[in-house]
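Subject: Structure handover

Hello,

Here is the structure we discussed. My notes on it follow below.

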Amino acid sequence: SDEPICTGEHEALQRLGGIADLFLIHNRPIARHVDDSIVRVMMGRELVLRRARGYAPLPIHLKEPMPPLLGVGAHLKNSVAVSVGQEVFVSQHIGDLETAQAFEAFKGVVGNFRRLYELRPTTVACDAHPDYLSTQFAEGLGGSLVRVQHHYAHVLSCMAENELEGSVLGVSWDGTGYGLDGTIWGGEFLRVTERSFLRAGHFRRFRLPGGGKAIREPRRAAMGLLYELFGDGLFAMQELAPVQAFSPHERAILQTMLQRNINAPLTSSAGRLFDAVASMAGLSQDTRFEGQAAMELEFALEGFETDETYQFRISNGELRIEESFPNPESEIQDPKFTMVVDWEPMARGILDDVRRGVPVGKIAAKFHNTLVGTIIAIAHRVGEGRVVLTGGCFQNKYLTERAVRRLRSENFRPYWHQRIPPNDGGIALGQVLAASRSRPKE
């Protein structure tokens, strides 16, 4: 798990000797590792979740030629991309850069691409997160480097495969992305223009006690969210599922972390919001793999058909943090305050439904419907006719299809992914587009 597949017989014997009883060896060597692709059918067409065999490295065609650029992708679900004239070639799925084997595979793919396309990139684009191995690799290459905000790259990747130019509203929802204000972004509404972007809105932030540990334990996301509502009173609410999921000793530690903001970073993440709701509904407290709680929440609504929603609020919040490149002077003349989608009425409604014994499936359906409602509300306020749906949350079939249908019914033009994954497997393509946009206008 989390490692690239073996391609050599000696490597297989060494790494898999304790797992497999027999090995079938072929006399034709494997040139490079390529996983199986995974797709999901949405709105009657395929949407690639893992882009590898049969899809990679088929290019994305652009209207204008670009200089040779290299995008090194994200930390999770990594892929890399290179521009050759009017084509951007996106590599096969490499995987999470969590192990030495995965990082070696990543470096091997970068080398293969540069040799295959005889590429000497004028600029290398990477994620803005300084601790990503892909970012550190890009820094070590020397030369011109462009750091691209994670959710901006998501929107650009979807725009590229849908051949969109001009301005759009990008709805970029995922688990984690490095924010320009130093917090964890992930529930973003970005207004993207020809040269830059503005953070038009985001979900209300809450803390993640335990930091990275909260990604694997939805109960921690729930405790951080509920602490925003109830403060220290939360720890006396023994009837709540996330509170019950911790021992008295663990609750005391969590309370100290949240009181003193120790290892409890702020996030606006839609992915962590899914986790918190799954925990509050008693559906998932600990997970074994990424996205498990969100998947369980999606699958729970099967068989429940309802248009009911929870309430939410939208207000003006903090000063906008504008992208520092490619255009330091924003082209957008909107007021300098970003909209904040406040989930508090929804969270209280979910707790009320749990207390009343409402089926988890109905709670899940109302939650999904509410998220779609936030998209419609922000879209009306921003006023862009074209709305791009991207990020790992839009691997969710119910969320994506309902958002598309609702947007169409409200006279917006929605766009979503097909050939490029909505998850971090599409980040490298967006990075290449961002690097191209950073060039001075001729």
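**Helix 2**

Helix 2 (residues 100-116) has 17 residues and spans 24 Å from its first C-alpha to its last, close to the 24 Å expected at 1.5 Å a residue. Helices here are DSSP runs of H or I with at least four residues, strands are runs of E with at least two, and both are numbered from the N terminus. The expected span is 1.5 Å times one less than the number of residues.

This is a predicted model, in which local features need pLDDT of at least 70 and side-chain atom pairs count only at pLDDT 80 or more, while totals for chains, interfaces and linings use all residues. Residues are numbered from 1 along each chain as its sequence is written, and side-chain values use heavy atoms, with hydrogens and water left out.

The buried residues of helix 2 are Ala102, Phe103, Ala105, Phe106, Val109, Val110, Gly111 and Phe113. Buried means under 20% relative accessible area, exposed over 50%, and partly exposed in between (1.4 Å probe, protein chains only). An α-helix has 3.6 residues a turn, so residues three or four places apart point the same way. The cover over the buried residues of helix 2 includes strand 4 (69-71), strand 5 and helix 3 (133-141). Glutamate 118, which follows helix 2, has a positive phi near 50°.

Five strands make up an open sheet with mixed pairing, in the order 3-5-4-6-7. Strand 3 (59-66) and strand 7 (144-148) are the edge strands, each pairing on one side only. On average, neighbouring strands of this sheet are turned by 25° against each other, direction ignored. (Axes are lines fitted to C-alpha atoms, for helices over the stretch in contact, and angles run from 0 to 180 degrees between N-to-C directions.) Strand 3 and strand 5 (residues 81-90) run antiparallel and are joined by four bridges; two strands pair if DSSP finds at least two bridges between them. Methionine 66 is opposite glycine 85 in strand 5.

Strand 1 (residues 38-42) and strand 2 (residues 45-50) are also antiparallel, paired over five bridges. They form a hairpin with two residues between them, and methionine 43 in the turn has a positive phi of about 50°. Methionine 42 has arginine 45 in strand 2 as its bridge partner.

Which loop holds glutamine 149? Glutamine 149 lies between strand 7 and helix 4 (150-161), and it counts as buried because its relative accessibility is 1%. A polar atom of its side chain lies 2.8 Å from the backbone nitrogen of histidine 151, and the backbone oxygen of tyrosine 178 lies 3.0 Å from a polar atom of that side chain.

Asparagine 78 is in the loop between strand 4 and strand 5. Its relative accessibility is 0%, so asparagine 78 counts as buried. Neighbours within four places in sequence aside, asparagine 78 is in contact (heavy atoms within 4.5 Å) with residues including Gln92, His93, Phe106 and Ser134.

**Nonpolar cores**

A nonpolar core is a set of buried Ala, Val, Leu, Ile, Met, Phe, Trp, Tyr and Cys residues joined through side-chain atoms within 4.5 Å. The largest has 69 residues, and those touching the most other members are Val171, Trp173, Leu225, Trp343, Phe367, Ile375 and Leu389. Helix 12 (residues 360-382) gives the most to this core, eleven residues. A second, separate core of 34 residues includes Val88, Tyr152, Leu156 and Leu164.

Regards

Definitions and conventions. A polar contact is a pair of N or O atoms within 3.5 Å; within protein, one must be able to donate a hydrogen and the other to accept it, and residues adjacent in sequence count only if both atoms are side-chain atoms.
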